[in-house]
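This report walks through a few local features of one protein chain for someone meeting the structure for the first time. Please keep the sequence and the model at hand while reading.

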Amino acid sequence: MILTILVTALSWVALASPDGSKLEASRFSMSEAQSSAAAMTIRAALELTEWTTALRRELHTCPELLYDLDKTSDLVRRTLEELRIPFDSHIAQTGIVATIGTGRSPCV
């Protein structure tokens, strides 16, 4: 669910007007059910705006290069733990592999 929300939010942000003031939803034709689901997803994504902005800002406070990603890896692990998303860490030192969903289709 969180992944769907984040991906959808990023898609809609990409369609924002140049000044960032509104979404250009008129580019799409959707059934009423799809429109309702999209509206619910957008509302949920907008509710996460402060949280995702805070994460992005925290990541940008300590830029790391190449394979020296200790602080970034720590932040990702803490976030996955907070979201109760299972993961394996310390892959190639600081890598993380998270498992989202059941593995059944559709799979992202």
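S73 is buried, because its relative accessible area is 5%, and a residue counts as buried under 20%. The residue belongs to helix 4, and, leaving aside residues up to four places away in sequence, S73 touches T94 and I96. The model described here is a predicted one, and the values given below should be read with that in mind.

Strand 1 (residues 87-91) and strand 2 (residues 95-98) run antiparallel and are joined by four bridges. Within this pairing, S89 stands opposite I96 in strand 2, while D88 has V97 as its bridge partner in strand 2. In a regular strand, side chains alternate between the two faces of the sheet. The hairpin that the two strands make has three residues between the strands, and in this hairpin A92 takes a positive phi near 55 degrees.

G95 also lies in strand 2, and with a relative accessible area of 22% G95 is partly exposed. If residues up to four places away in sequence are not counted, G95 touches D88, S89 and H90. G95 can also be placed relative to L69: the two residues are 26 residues apart in sequence, and their C-alpha atoms are 8.6 Å apart in space.

How many salt bridges does the count come to? The count comes to two salt bridges, and the table sets out the pairs with their distances between nitrogen and oxygen.

| Salt bridge | N to O distance |
|---|---|
| R78 and E58 | 2.8 Å |
| R77 and D74 | 2.2 Å |

The salt bridge of R78 and E58, with 2.8 Å from N to O, links distant parts of the chain, since R78 is in helix 4 and E58 is in helix 3, 20 residues apart. R78 counts as partly exposed at a relative accessibility of 44%, and E58, at 35%, likewise counts as partly exposed.

The salt bridge between R77 and D74, whose closest N and O atoms are 2.2 Å apart, is set within helix 4. Because R77 and D74 are three residues apart in that helix, about one helical turn separates them. Is R77 buried or exposed? R77 is buried, with a relative accessible area of 16%, whereas D74, at 32%, is partly exposed.

Another feature to look for is a patch on the surface. L65, L66 and Y67 form a nonpolar patch there, and together these residues have about 460 Å² of accessible area. Where does Y67 lie? Y67 is found in the loop between helix 3 (49-60) and helix 4 (70-82), and these are the helices that hold E58 and R78, respectively. Y67 is exposed, because its relative accessible area is 68% and a residue counts as exposed over 50%.

Terms used. Residues are numbered from 1 along each chain as its sequence is written. This is a predicted model: local features need pLDDT of at least 70, side-chain atom pairs count only at pLDDT 80 or more; totals for chains, interfaces and linings use all residues. Side-chain values use heavy atoms; hydrogens and water are left out. Patches are made of residues with over 30% relative accessible area and no salt bridge: like charges are joined within 9 Å, nonpolar side chains (Val, Leu, Ile, Met, Phe, Trp, Tyr) within 5 Å. Accessible areas come from the Shrake-Rupley method with a 1.4 Å probe; for residues, only the protein chains shown count as cover. A salt bridge is a side-chain nitrogen of Lys or Arg within 4 Å of a carboxyl oxygen of Asp or Glu. Buried means under 20% relative accessible area, exposed over 50%, partly exposed in between (1.4 Å probe, protein chains only). Contact means heavy atoms within 4.5 Å. Two strands pair if DSSP finds at least two bridges between them.
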